[in-house]
Amino acid sequence: MASKKYVYLFSEGRADMRRLLGGKGANLAEMTNIGLPVPQGITITCEACNEYNRLGQQFPPGLEEEVAARLKDLEAINGKKLGDPENPLLVSVRSGAPVSMPGMMDTILNLGLNDESVKGLAAQTGDERFALDCYRRFIQMFGNVVLGIEHNNFEAVLEKHKERLGVKFDNELTPEALREVIAEYKDVVKSHSGRDFPQDPREQLYMAIRAVFNSWNNPRAIVYRKINKIADDLGTAVNIQTMVFGNMGSTSGTGVAFTRNPATGEKGVYGEYLINAQGEDVVAGIRTPKPISTLKEEMPEVYRQFEDICQLLEKHYRDMQDIEFTIEKGKLYILQTRNGKRTAAAAVKIAVDMVNEGLITKEEAVLRVDADQLGQLMHRRIDPKAKLEVVAKGLPASPGAASGQVVFDADEAEKMGLDGQKVILVRTETTPDDIHGIVQAQGVLTARGGMTSHAAVVARGMGKPAVTGCDAIKIDVENKRFFIGDLVVKEGDIISIDGSTGNVMLGEVPLIDPQLTGEFETILEWADSFRRLKVRANADTPEDARRAREFGAEGVGLCRTEHMFMQVDRLPVVQEMILAKTKEEREAALAKLLPMQQGDFYGILKAMEGLPVTIRLLDPPLHEFLPNIEELLVDVTRLQATNGDPKELEEKQALLREVRARHEFNPMLGHRGCRLGITYPEIYAMQARAIFQAVAQLVKEGIKVLPEVEIPLVIHVNELKRLHELVDEVAAAVKKETGVDFEYKVGTMIEMPRACATADEIAREAEFFSFGTNDLTQTTFGFSRDDAEGKFLHQYVDEKILKEDPFIVLDRDGVGKFMKMAVELGRSTNPKLEVGICGEHGGEPSSVEFCHQIGLNYVSCSPFRVPVARLAAAQAALKEKKGKLEQKGE
């Protein structure tokens with residue numbers, strides 16, 4: 001059997017061989033084959049890299065011989081030989097993974113130079129300074145990349161000689177100075193690596209190939225793959241390409257350009273270049289590059305040719321291109337092209353423009369825009385040009401950025417916010433008690449809690465940035481300050497947070513407003529024409545509902561009534577209801593809450609006129625509405641120790657007894673949800689009456705409303721049956737009292753594994769299901785969400801025990817199986833059953849795709865995620881359509 005082929009000439013490859021040759025190798029092959037001026041070379045495959053790693057950093061058998069054979073072909077093409085003292089072939093050795101990872105892996109230029117061939121290069125070019133400059137660059141890059149010597153050891157030598165000669169730039173050094181630099185560079189290599197700089201070009205080459213293979217697993221590459229969800233088993237190719245030189249004087253140069261502006265998407269060549277330089281000079285920042293437009297004056301013919309190539313490549317690849325080029329003595333060479341990285345705003349504009357230009361279809365445009373990235377357009381963000389002083393990092397819980405004064409108390413945050421001051425609410429963790437402070441704060445920072453903690457969920461719903469689980473901050477509430485190591489940040493100090501990265505910064509940072517363009521609306525209109533899934537929003541206030549509707553929501557998938565209970569004017573009444581000794585006392589307190597709740601529902605239902613609104617009856621355990629037990633203990637102890645007011649002490653002690661009586665060891669699995677409705681039916685009866693009285697009022701006003709009453713935490717059909725009957729009784733009473741007829745639905749939130757397993761029984765009593773995947777994930781995994789995300793879940797993801805955080809990306813293999821089971825069982829007994837999802841997964845693209853695949857009717861997410869969900873739902877439908885066509889062979 002023939003051995004595996006590991007090495008390809010550029011002329012042997014194609015664009016569709018990306019998985020084998022890497023993105024760079026496949027594009028170099030493609031450009032070669034369409035006749036562009038590409039310096040010739042060879043590509044070692046990604047398979048060779050993976051085999052190298054599998055064999056414990058050893059070359060696969062036969063690889064060196066195959067490289068040597070293809071190198072002979074390359075020498076023949078160029079009429080030069082590697083290491084020839086009179087006519088040397090010099091090559092660059094570069095990485096190139098199947099997925100673009102710019103700057104993450106390693107490159108070596110000018111390989112093939114040694115003490116003899118540098119003389120040949122000088123004679124061949126008639127430029128000794130240029131040849132010596134290439135040699136010193138090679139020693140520096142090889143020493144850093146291959147031998148692991150810190151870059152600054154070489155820079156110190158270079159700076160010393162520039163200072164001695166009184167020159168500013170590298171290209172001003174004389175041949176004599178460069179010879180001294182080279183000698184000292186060799187000393188640096190010897191002292192740091194314990195060996196002489198290798199003079200054999202073949203040894204140099206194989207050492208460089210090893211270094212590029214090894215760079216696949218360098219720390220920055222690993223982090224980049226993790227952030228961008230790139231698989232670890234792809235490997236990198238190695239591209240060995242004939243050197244062309246941009247550092248051969250005033251008619252030479254090098255640069256990087258895009259076929260469109262990667263920040264704005266505007267059409268036109270955009271980039272920069274340097275005269276008399278090599279590639280690394282452009283990105284190193286030692287010399288200031290010139291805008292590509294000035295090349296038109298300096299080298300008009302080269303610029304015209306480059307512009308033509310840009311247009312050709314963009315049309316060929318049908319996407320915006322990021323192009324590296326070199327000019328050697330007036331001749332243009334293209335070293336690389338790839339689909340360019342771009343901002344969300346640019347991605348949307350480019351996709352829409354390319355449809356209008358006839359380059360791509362609307363379907364392709366919708367698939368081109370990263371749904372997750374679309375969220376960037378909905379929030380203020382940090383100016384990318386700003387210099388930041390990052391002092392801590394937490395979880396990027398809610399996107400956007402904000403600056404403000406540090407405040408540790410929700411009441412103070414509310415007061416200052418209402419006074420027009422900008423504040424960041426800093427808490428160990430937030431609770432529903434803090435919601436009024438979050439409303440008025442610019443953003444939230446917590447020391448504990450995960451991506452779906454209270455602070456994260458509430459902040460996302462409000463479109464406010466949040467950084468959670470930032471365990472680097474140690475909060476001293478009593479003295480109103482927090483510590484990061486030795487750094488002390490006091491109340492009133494200004495900090496900034498970036499909810500898209502998790503970064504915490506000192507001081508105020510410059511922010512950029514959202515850029516919602518006509519193209520943004522266009523891409524979403526196209527998306528809406530392709531998707532099957534409806535998209536609703538989670539909204540607890542009329543303002544949230546109106547905003548959601550502006551973003552294209554087709555209803556409210558979750559209205560959480562407990563958030564209404566937490567308002568400052570209502571909390572005392574709620575506490576009165578909870579602490580009531582008799583049913584009569586409880587009903588008296590509920591009677592006070594009834595008109596308040598009715599007003600809430602009236603506003604939300606009116607804002608969503610003609611669209612469904614799912615209202616979840618009270619879900620959390622009642623202790624959440626009572627004072628904190630630790631704070632009460634402190635108050636009681638203080639009053640006892642200081643002989644405080646006896647009446648106040650008696651009241652506090654009585655309250656403490658009540659709070660203790662309601663204490664639960666695990667309240668999230670305790671007396672909450674429909675269990676409250678069973679034990680205190682008057683609570684659910686009041687809420688149902690408030691809903692239906694609001695509905696009757698709106699119907700009288702001629703407004704069409706579609707209320708859906710949702711019973712939470714059901715585990716048994718008998719729970720739902722009893723509470724469904726309760727809701728029906730209240731509805732009948734309101735219809736009779738008001739003389740108004742109205743339609744409504746009653747359904748349940750599916751958030752417990754038992755509910756999924758008995759969904760066929762539960763569906764007989766339900767008109768709809770809505771998956772609460774945050775709790776379903778907790779109960780499936782046996783994780784306490786906040787504890788897991790704060791303590792060990794990140795390690796599970798880092799060490800690949802779990803591929804993703806299941807609270808961020810829906811766990812298809814576990815939670816997903818329960819969901820699929822519930823859908824199939826539910827519709828087996830109730831074919832008309834409507835099924836949706838209202839957990840935070842409803843706005844995450846991979847999770848939205850899964851919801852499409854298992855046949856859900858809708859997803860619901862925070863208002864600011866609605867556009868993301870609309871796009872993700874369209875992409876899921878288009879991928880499914882594409883898959884079916886491929887199966888048919890079309």
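How many bridges join strand S2 (residues 41-44) to strand S7 (residues 237-242)? The legends below take up this pairing after an overview.

**View 1. Overview of the predicted protein chain.** This is a predicted model, in which local features need pLDDT of at least 70 and side-chain atom pairs count only at pLDDT 80 or more, whereas totals for chains, interfaces and linings use all residues. Residues are numbered from 1 along each chain as its sequence is written, and side-chain values use heavy atoms, with hydrogens and water left out. The protein chain contains 36 helices and 33 strands, where helices (H or I, at least four residues) and strands (E, at least two) are DSSP runs numbered from the N terminus. Along the principal axes, its C-alpha atoms fill a box of roughly 105 × 75 × 55 Å. Of the 890 residues, 56% count as buried, a term that means under 20% relative accessible area, with exposed meaning over 50% and partly exposed in between (1.4 Å probe, protein chains only). The accessible surface comes to about 37,300 Å², of which 50% belongs to carbon and sulfur atoms; the areas come from the Shrake-Rupley method with a 1.4 Å probe, and for residues only the protein chains shown count as cover. Among contacts with a separation of 6 or more, 68% are between residues 24 or more positions apart, contact meaning heavy atoms within 4.5 Å.

**View 2. The five-stranded open sheet around strand S7.** The strands follow the order S1-S2-S7-S5-S6 with antiparallel pairing, and two strands are taken to pair if DSSP finds at least two bridges between them. Strand S1 (7-9) and strand S6 (107-111) each have a single partner strand, so one side of each of these edge strands is left without a neighbour in the sheet. Neighbouring strands are turned by 20° against each other on average, direction ignored; the axes are lines fitted to C-alpha atoms, for helices over the stretch in contact, and angles run from 0 to 180 degrees between N-to-C directions. Four bridges join S2 to S7, and these two strands run antiparallel, with Ile-42 standing opposite Ile-240 in S7. Strand S5 (residues 91-96) also pairs with S7 in the antiparallel sense, over six bridges, and Gly-96 has Ala-237 as its bridge partner in S7. Six of the six residues of S7 are buried: Ala-237, Asn-239 and Gln-241 lie on one side, and Val-238, Ile-240 and Thr-242 on the other, so that both faces are covered.

**View 3. The eight-stranded open sheet with mixed pairing.** This sheet has the order S14-S24-S23-S16-S17-S18-S19-S15. At its edges stand strand S14 (390-393) and strand S15 (395-398), each with a single partner strand, so one side of each is left without a neighbour in the sheet. Three bridges pair S15 with strand S19 (residues 466-468) in the antiparallel sense, and Ser-398 is found opposite Ala-466 in S19.

**View 4. The surroundings of Ser-496.** Ser-496 lies in strand S23 (residues 494-498) and is buried, with a relative accessible area of 0%. A polar contact of 2.6 Å joins its side chain to that of Ser-403; such a contact is a pair of N or O atoms within 3.5 Å, of which, within protein, one must be able to donate a hydrogen and the other to accept it, while residues adjacent in sequence count only if both atoms are side-chain atoms. A polar atom of the Ser-496 side chain also lies 2.6 Å from the backbone oxygen of Gly-507. Leaving out residues up to four places away in sequence, Ser-496 touches residues including Ala-402, Asn-503, Val-504 and Met-505.

**View 5. Nonpolar cores.** A nonpolar core is a set of buried Ala, Val, Leu, Ile, Met, Phe, Trp, Tyr and Cys residues joined through side-chain atoms within 4.5 Å. The largest has 146 residues, of which Phe-692, Ile-711, Phe-771, Met-819 and Leu-856 touch the most other members. Helix H27 (residues 681-700) gives the most to this core, with 11 residues. A second, separate core of 70 residues includes Val-7, Leu-121, Val-188 and Phe-197.

**View 6. Glu-844 in a loop.** Glu-844 lies between strand S32 (834-837) and helix H35 (845-853), and counts as buried at 8% relative accessibility. Apart from neighbours within four places in sequence, Glu-844 is in contact with Lys-229, Asp-372, Ile-808, Val-809, Leu-810 and Arg-865.
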